[in-house]
Amino acid sequence: MLYSAIAAVFDRIEGTSSRLEMTSILSDLFGTLPPAVLRDVVYLSQGKLHPDFFPQKLGMSDKLVLRAISLTSGFSEDRTEKLWIKEGDPGTVAEMLIKEKKQMALFSEPLTVQRVMKGLLLIEETDGKDSQERKMKLLANLLHDSGPIESRYLCRIVTGRMRVGAGSMTVLDALASSFADKSGRPEIERAFNVTCDMGLVAETLAAGGMDAVRGIKVKVGNPIKVMLAERLPSLAEVMGRMEGRCAMEYKYDGIRVQAHITKDSVRLYSRRLEDLTDNFRDIASLLKESLKGTEAIVEGECVSVDAKSGKMLPFQEVTHRRRKHGMEDAIKDYPVRIFLFDILQRDGEDVTQMPYLKRREMLASAFSGTEGIQMSNMRIVSSVQEADAFFTEAVSAGCEGIMAKSVSDVSVYRAGSRGFLWIKYKKDYHSDMIDTFDLAVVGAFYGMGKRKGRYGALLMASYDPEMQSYVTVCKLGTGFDDAFLDSMPGLLDARKTDRRPNNVDSKMVPDVWFDPTVVLEVTGAELSLSPIHTAAAGVFKEDAGLGLRFPRFTGRVRDDKSPEESTSVAEIMEIYGMQKT
Ligand code: ATP
């Protein structure tokens with residue numbers, strides 16, 4: 001399959017904002033590809049070479065890519081760099097210069113998808129002495145046989161800028177439309193939720209149809225999208241929704257991990273699919289050593305504890321474990337325990353469809369006793385008074401609140417979904433605001449006065465999965481200490497763009513735009529109708545959206561959340577609804 005045909009499709013997708021049209025373009029393409037090529041094309045369409053849970057190590061610097069462009073196009077490095085300063089994107093520079101060069105090499109070898117994949121994998125694997133030079137030459141080699149559009153996407157992929165606009169939901173729609181009918185769509189999504197590997201699902205579907213997709217089960221080594229909780233504003237409502245009886249667990253304030261354990265290996269994944277094994281290697285070893293049976297996938301919250309008393313410590317302590325360097329010291333200085341709350345696979349058996357209480361029983365017997373591994377504290381409650389007592393106990397033990405879990409027979413583990421089988425109730429709910437918001441940074445305003453020369457405020461957005469776009473909720477300028485103000489450029493500038501990203505819907509125009517990447521936790525006084533903000537625009541009032549009044553940064557950077565996992569527009573509408581009652 002020629003890569004030029006794929007690049008032409010990426011170009012058409014980039015040119016439309018209609019999700020339906022994107023689906024139809026992709027679906028036409030998917031139906032023509034052999035299964036293994038389809039798998040690669042699905043990864044490439046997301047700017048990746050592997051499933052999301054593989055660390056993507058392609059990242060070439062813009063400067064290195066510019067050298068490859070200069071080498072291929074024959075234009076000087078100076079000209080290439082000037083154009084880059086103007087355009088801001090090496091992909092656009094490559095496209096312009098390769099178009100201008102026009103005459104392609106006489107003996108150019110056709111660029112197939114397989115060759116592109118092989119070349120990019122080689123770039124990724126290249127390390128050691130002279131690796132930068134060798135990476136540059138490998139890219140130049142691919143660019144040599146590329147036309148303008150192909151080179152645009154090659155350069156975007158290697159610099160981590162590939163955003164043609166078709167998110168994972170659109171790819172799933174296109175797969176369903178190519179290989180199944182509408183009724184197959186939920187099964188295809190389920191397969192994606194339990195593997196986090198869109199390429200695998202695509203290849204399985206193209207090769208074996210819906211029967212093969214139904215056969216996809218949770219598997220050690222493939223992280224599973226986590227189940228999420230709904231929220232309600234009072235324990236009385238929680239108990240009402242649970243029909244008077246449920247399990248309540250402490251809601252620990254730590255870092256959620258999903259552990260994939262066998263007798264010989266163990267990997268811990270964050271909810272964002274990052275590999276955290278190294279950060280919690282003490283916990284990882286304990287889980288492996290004390291596992292009974294052959295293999296398991298379990299979930300729990302890693303919480304910092306006081307070494308002597310075992311008392312739980314605030315969330316800030318456990319964040320020291322997320323650092324990239326000095327892990328040995330962090331492990332010594334910040335001891336943690338894992339509080340297990342679910343099991344998804346045991347000895348090869350997928351147990352996600354087993355009811356909660358059975359899973360809990362299975363979890364309790366999966367490990368031999370050790371101090372570092374604990375079961376989450378749980379009690380069955382049958383009245384608001386009992387719930388209240390458990391909540392008070394949880395908060396005095398240093399927890400954020402409680403997680404209510406349904407004990408009905410249908411209380412299965414719903415990978416990747418937020419529903420009322422789990423309901424969270426936090427101590428913050430006692431204050432005026434129902435919950436904190438996790439919002440993506442989409443822009444920044446230069447500071448004035450004491451903040452002159454730095455970013456003074458940020459434009460914050462919520463995600464709308466239906467529209468696959470970010471809509472603004474507030475301009476955030478409060479809650480930043482000096483250290484955070486200083487850290488902002490390092491945190492944000494790599495994602496600066498010269499214009500409003502296509503997937504951001506905003507009436508406000510900041511001084512600098514960013515591709516949504518960084519998520520911050522924000523609190524505020526209340527949600528109110530706002531003519532400036534675009535979240536839920538037109539839903540409650542024509543010409544108005546919802547904005548967060550008096551927003552304040554809590555100090556917590558949610559690096560465990562991807563921007564698509566920021567508080568969704570549906571959740572914001574739900575919180576607005578609760579506020580009014
Ligand atoms: P969400 O996960 O709902 O998107 P969030 O990440 O901001 O939101 P919270 O709203 O605070 O987190 O609550 C959900 C999180 O609580 C879970 O993702 C998990 O990390 C944590 N948690 C702590 N204790 C438990 C427990 N006993 N059962 C399930 N989750 C728990």
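**Cysteines and chain shape, with the reasons**

Modeller: Let's start with Cys-302, which is buried at a relative accessible area of 0%. Do keep in mind that this is a predicted model, where local features need pLDDT of at least 70, side-chain atom pairs count only at pLDDT 80 or more, and totals for chains, interfaces and linings use all residues. Residues are numbered from 1 along each chain as its sequence is written, and side-chain values use heavy atoms, leaving out hydrogens and water.

Biologist: Why is Cys-302 called buried?

Modeller: Buried means under 20% relative accessible area (exposed is over 50%, partly exposed in between; 1.4 Å probe, protein chains only). Cys-302 has 0%, so the word applies.

Biologist: And what makes Cys-474 count as buried or exposed?

Modeller: Its relative accessibility is 1%, so Cys-474 is buried too. Across the chain, 54% of the 581 residues count as buried.

Biologist: How do you know whether Cys-302 is bonded to Cys-399 or too far for a bond?

Modeller: A disulfide needs a pair of cysteine sulfur atoms within 2.5 Å. The closest cysteine sulfur to that of Cys-302 is in Cys-399, 14 Å away, so a bond is ruled out. The chain's count by this rule is zero disulfides.
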